[in-house]
Amino acid sequence: MGYVFLGILVVVLAIVAVNIKIVPQSKAYVIERLGAYSTTWQTGFHVKIPFFERVAKIVSLKEQVVDFDPQPVITKDNVTMQIDTVVFFQITDPKLYTYGVERPISAIENLTATTLRNIIGELELDATLTSRDTINAKIRVILDEATDPWGIKVNRVELKNIIPPREIQDAMEKQMKAERHRREAILTAEGEKASKILVAEGHKESQILDAEAQKQAAILRAEAVKEAKIREAEGEAEAILAVQRANAKAIELINQANPNQAVLTLKSLEAFAKAADGQATKIIIPSEIQGIAGLATSLKELVTDENKE
């Protein structure tokens, strides 16, 4: 009898131990009682009623990342390309996530593909390649709204790869090479233009400096000629002043010597002789000199007569 009771006790303890549940962080347990939803266990210690309750689903509350395979899409200008997407989502309501939709990840993948086709179908190839942020935002808004009834919050959507057809890739590479060559030619032309401008400006500056130097040289030469003429004129003026001073000194000495009339007459004759040697066509002889000249003529005639006898 004791062994039976012990066995029953062991079985009861085992059943209780099996039905004790500890929910870890970032997890939620969806509990069903007799096949219907009962409650959602959050982090902590819980005991399940055996045979009546069961854990229907263990849900992770962490943000999850799903990378979907490339999907063929057609642009507005009829270019078929492959685009794969990455969806970042988080479960906000474990009950809705458990009972809202069958296979929620597959549902998100199909919804992402159809949404992507609708958005890309309104864009041309160039706009598709340059509008990643716009496409990501539109897909995220649509997915977030559509997955609310499933207890899912779409935080972010990214276009991972956009793969156009091979011929389009070749055309894009050729266009890129042509653009690079064009930029290179433009930069080369701009460099040559800048070089020619600098050379021309340098030549112009050199000419200006040469002209300025020639101007300065001409000014210096003119100033030198001017200075020479001034010095020459000053020299001539000094010479004239020296002659005048000498004459004045001579007259002063004559006046100091108190010369008689004969000396003055003799000096007058000397001055007359100098005047007669010049180029003058008319000479005015003072009356005193005329008398002396007549006396001299008479004496000359007398001497001549005596010589004849």
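This is a predicted model: local features need pLDDT of at least 70, side-chain atom pairs count only at pLDDT 80 or more; totals for chains, interfaces and linings use all residues.
Numbering runs from 1 along each chain as its sequence is written, and side-chain values use heavy atoms, with hydrogens and water left out.

Next, burial. Of the 309 residues in the protein chain, 20% are buried (under 20% relative accessible area; exposed is over 50%, partly exposed in between; 1.4 Å probe, protein chains only).

I counted eight helices and nine strands (DSSP runs numbered from the N terminus: helices are H or I, at least four residues; strands are E, at least two).

Then the core. The largest nonpolar core holds 29 residues, and Met81, Ile83 and Leu116 are among those with the most contacts inside it (buried Ala, Val, Leu, Ile, Met, Phe, Trp, Tyr and Cys joined through side-chain atoms within 4.5 Å). β8 (80-91), α3 (104-120), α5 (132-147) and β9 (152-163) each give it two or more residues. I also looked up methionine 81: beyond four places in sequence, its contacts (heavy atoms within 4.5 Å) include Val73, Leu125 and Ile162.

Leucine 34, in the loop between β2 (27-33) and β3 (36-41), has a positive phi near 55° and is exposed at 67% relative accessibility. Phenylalanine 51 sits in the loop between β4 (44-47) and β5 (53-60); its phi is positive, about 70°, and its relative accessible area of 75% makes it exposed.
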